[in-house]
Amino acid sequence: MKKIILLALLISVFLALHSQVKVVLWHSYRGDEKEALVQVANNFNNSQTEIVLELLMVPFDAFPDKITAAIPRGKGPDIFIFAHDRIGGWVEAGIIEPLEFYLEDGVEKRFVAGSYEPMFYKNSVYGLPMSLKSIILFYNPNIIKSPPQTTAEMITMAKQHTNPDEGRYGLVYENANYYYHACWMQGFGGRVFDANDKPILNSEESIASFQFAQDLYLKENIIPPEVSNVLVTTLYNEQKAAMVISGPWFRGEIDKDVPYEIELLPVISPVNNRAMPFMSSEGIIMSAKSVHKDEAFKVMEYLISDDAAFIMATIGKQPVANISVYDRKEVAEDKYIPKFKEQIGYSIPMPSIPQMTFVWSPASTAITAVINGKDPREELDKAQATVLENLKAAGF
Amino acid sequence: MTRHRSWRIIALVIMAVIFALIYDNVVSNSEDKLLEIYSGDYAYLTAELMDKLERFSSEKEQTFPVALLLGFKDRNPDLRNLAIIKDRYYSVHTDSSLVGSRINKEIFDAQNILKQNLVTDTTERPYVIWRENREEAKTYLLYYPVVRDGELIGTILVETGIISGFPLNISIILVLIALVVFFLLTIILDLYLPRVSFLFCMLLFIAIIIMVNGNLRRQMEETQLRWHQYKQEVLSDLNAYMGDEGIDLTATSARMELPLQQTLRTWNFTISFLGVLLILLILTGALEYFLDTIITNRMAYAYILPAMFGVFLLVFFPFIYGVLIGFTDYNLTNFGGDLIEYFSDLKNYGFDNFYNILRVVNFNDYSNFYYTLVHTIIWTISNLAFHVSIGVALALLLNDVKLKGRTVFRILLILPWAIPSYITALIWKGMFHRQFGAVNGLLETLGFESISWFTKPFTAYLANLATNVWLGFPFMMVIALGALQSIPKELYEASAIDGSSKWQTFWNVTVPLLRPAMVPAIILGTIWTFNQFNVIYLVSGGGPDGATELLITDAYKLAFAQYRYGYAAAYCIIIFAVLFAYGILTSNVTKATKGAYE
């Protein structure tokens with residue numbers, strides 16, 4: 001008798017589980033962001049009984065490659081959270097699903113200006129923005145009293161707080177990383193691609209910005225050599241870095257007893273333009289191979305809802321894309337999130353066309369060489385030639 | 001042979017099941033393909049029609065498409081329901097499984113064509129309406145507002161998903177009956193004519209396949225005809241409605257015939273390939289011999305089966321897959337498609353990758369294959385020299401019985417090997433930091449200038465080398481130590497009695513006896529070092545400017561930074577070829593497997 005009851009129980013449990021649709025979401029959040037997302041997922045699972053949302057954290061470094069490899073083989077998630085910049089490649093590879101069929105009219109009005117457009121590729125929309133990320137200037141209020149508004153001010157201030165013998169530096173950022181360098185490059189007026197998607201790495205503006213980056217390191221001597229992201233964190237936490245250029249993720253890396261403030265990236269003095277970093281609009285994207293697309297879309301809708309965005313903003317400390325959240329008191333009074341939103345206004349969405357993947361490696365090679373004293377024009381001409389050659393070989 | 005009859009029958013059953021599975025796959029694949037072709041085609045067709053109709057109707061009446069859709073409804077029994085809600089058109093069809101992601105792409109291609117050619121001054125994005133009825137029905141209807149000078153002058157509709165099925169009636173029952181007859185015949189034949197039965201059964205099976213294939217082809221042709229008629233009917237309707245402005249659809253018809261032929265050729269290729277392979281296997285007796293060996297040594301094969309399975313899955317399958325990719329232009333733009341379709345099309349194969357890799361010799365270009373090859377070889381030789389000399393020297397020290405605390409030293413010296421190489425590599429990278437690194441700290445204390453290690457090829461190379469020497473010597477030490485301990489003491493005693501010096505003893509006793517253990521270790525070490533990905537990737541990152549890349553890190557970057565999978569796979573095939581040649585050459589020259597006393 002016991003066995004029969006047990007069996008009946010097992011069967012009923014099995015049936016109960018079976019009637020629910022499982023939607024798998026991959027993300028690469030850690031720390032506060034992860035905690036917030038888990039809370040959102042729990043709220044969603046408690047709010048209804050049809051769909052079970054299951055989260056899986058995949059390390060950021062491996063994320064795009066895992067998506068690219070897993071989804072075509074039917075092993076991937078139903079939905080995933082990632083920055084918009086890989087959308088083009090994923091569309092060309094047939095990995096992600098267009099969303100027009102699901103969307104209501106006027107959905108774009110729910111997002112912060114500039115966050116929805118990057119989700120488009122060839123006139124179709126492929127993601128719903130959740131948060132916006134761009135780099136910004138962090139400074140240590142113990143060292144810097146009022147943050148610099150121009151690069152001239154920044155250099156002067158940085159010089160006062162630089163002493164290589166003690167390992168102190170005025171400005172620490174990954175200057176040999178093209179992603180970080182892009183804020184100067186675009187501030188000078190350079191771009192990665194022209195209007196016809198042709199790479200223009202060696203434009204005059206771009207060359208000027210490379211020269212500027214070289215001067216910051218070699219001439220002004222305010223940046224430590226060979227900056228890696230570990231070095232940025234270490235120096236800041238030892239209070240040996242007065243200013244740091246990094247993104248919202250840096251907040252999680254700062255020790256609890258080290259104070260920090262943020263400020264917009266400065267106006268570049270020679271051209272009188274504000275530095276324009278790359279902006280990534282992090283969105284929720286649907287797999288083309290999902291077998292529960294309707295349910296997956298319901299989850300996506302929930303994730304961009306006001307309540308979910310509020311949790312992501314307050315607990316996850318994210319500059320969220322949902323615009324109405326900024327009216328709520330807790331967010332409006334936050335010291336940091338509105339500032340990040342302001343910086344988004346001075347930023348350029350990272351190109352999402354697949355050609356971009358071919359730019360990173362040659363561009364990083366060029367900036368590394370220039371930082372270490374090579375001629376900007378020569379290096380950029382070389383990088384431009386390499387990118388064109390690789391693009392041609394890959395069939396673009 | 002008769003004693004193995006039951007085994008043979010089981011083998012036959014297994015093969016038949018495999019064939020049935022392959023065949024089933026082919027059939028369902030072909031149905032899918034038909035649907036893809038026609039649904040996509042339908043989108044083009046309707047787009048074209050709608051455009052003409054719109055231009056025609058915008059002058060006359062705005063409600064025109066509704067009438068057209070109603071006409072479609074009468075024509076097409078699959079179209080169950082049609083509703084008009086607030087100027088949008090909804091229609092519901094019978095089968096949801098047929099509208100897949102592939103059709104989406106077709107729609108969007110159609111959409112783009114429309115945008116480029118027709119609706120030049122559309123100010124709005126087109127609406128895309130999706131209606132679906134859960135389990136059974138789904139269709140897409142695209143509604144384009146055409147706006148000129150700020151005024152809505154008409155609409156264009158693109159509709160798809162209407163084609164709900166081209167059932168290919170390969171009746172399962174027919175196939176089942178054929179299979180049952182096949183088995184019965186097999187068993188009867190095996191009882192009375194054991195020698196020829198195998199051959200005969202296989203021929204019979206091929207005959208069945210050819211028959212069913214013929215049936216399939218006939219049905220495809222009928223389907224094509226039906227589609228043609230249907231299109232003609234719609235056309236005549238439309239032409240009647242539109243009066244003088246007729247529609248010329250010769251272009252779409254031509255487009256339609258083409259993919260169908262292509263698909264048929266792909267299956268024919270697959271089936272004939274398998275058939276020919278089978279006939280060859282039977283005629284040469286290979287199959288019979290193979291089965292016979294398996295049956296005779298069945299216990300042995302049963303024991304190694306799990307291992308064989310694992311080896312196939314983890315080694316041979318990826319290897320074959322890699323080799324296949326190496327001959328194709330498999331890259332970012334065709335990554336997500338149907339792999340079976342891609343790999344079964346002979347058009348996709350060629351030697352271009354190899355030609356492009358090997359064509360240019362330029363030692364000034366760090367990304368050139370030959371530069372990287374030479375760098376990799378220098379890297380391997382210099383590493384091995386350090387590994388072996390340090391390893392053997394330490395082993396000789398540790399082998400000295402008079403040394404105190406040998407166990408402690410041995411454990412300490414194995415540590416670099418025991419710690420995961422990622423961690424070690426990252427620690428070394430930190431130690432080579434220009435300002436905060438330990439190496440420059442040491443140099444400065446000794447009164448030297450600090451060095452920027454990763455900005456010059458040679459110093460970056462040295463940093464990599466130091467890291468990999470640290471990682472590599474314990475292995476050689478362990479091997480040498482083991483070999484040293486197995487050298488009999490009598491030999492040293494005899495050598496001492498003969499009055500030889502320590503040096504003579506080393507060269508004439510120790511070295512020859514170390515050799516049999518060290519040579520395979522060196523061959524293995526060469527292969528590891530040649531493909532030492534971790535150290536290069538984590539320490540110098542290949543920089544500056546790719547000067548310290550190895551072939552394997554180059555291949556990685558081609559595959560995962562540029563997404564040129566085919567080209568990267570070709571790179572790997574060349575790496576394999578180099579190492580394979582090296583392996584054969586060294587094992588012949590050094591007689592690696594020669595024992596110590598031979």
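Two strands pair if DSSP finds at least two bridges between them. Strands (E, at least two residues) and helices (H or I, at least four) are DSSP runs numbered from the N terminus. This is a predicted model: local features need pLDDT of at least 70, side-chain atom pairs count only at pLDDT 80 or more, and totals for chains, interfaces and linings use all residues. Residues are numbered from 1 along each chain as its sequence is written, chains are lettered from A in the order in which they are written, and side-chain values use heavy atoms, without hydrogens and water.

**View 1. An open, mixed sheet in chain A.** Four strands run in the order E8-E9-E7-E10. Strands E8 (169-172) and E10 (261-263) are the edges, each pairing on one side only. Strand E7 (residues 136-139) is antiparallel to E10(A), joined by three bridges. Tyr139(A) has Glu261(A) as its bridge partner in E10(A).

**View 2. An edge-to-face pair between two helices.** Rings of Phe, Tyr and Trp (its six-membered ring) pair if their centres lie within 6.5 Å; planes under 30 degrees apart are stacked, over 60 edge-to-face, the rest tilted. Tyr178(A) and Trp360(A) have ring centres 6.2 Å apart and planes at 80°. Tyr178(A) lies in helix H6 and Trp360(A) in helix H13, so the pair ties together parts 182 residues apart in sequence.

**View 3. Charges over rings in chain A.** A charge counts if NZ of Lys or CZ of Arg is within 6 Å of the ring centre and within 35 degrees of the ring normal. The charged end of Arg274(A) sits over Tyr346(A), 5.1 Å from the ring centre. Lys341(A) lies over the face of Tyr326(A), at 4.6 Å.
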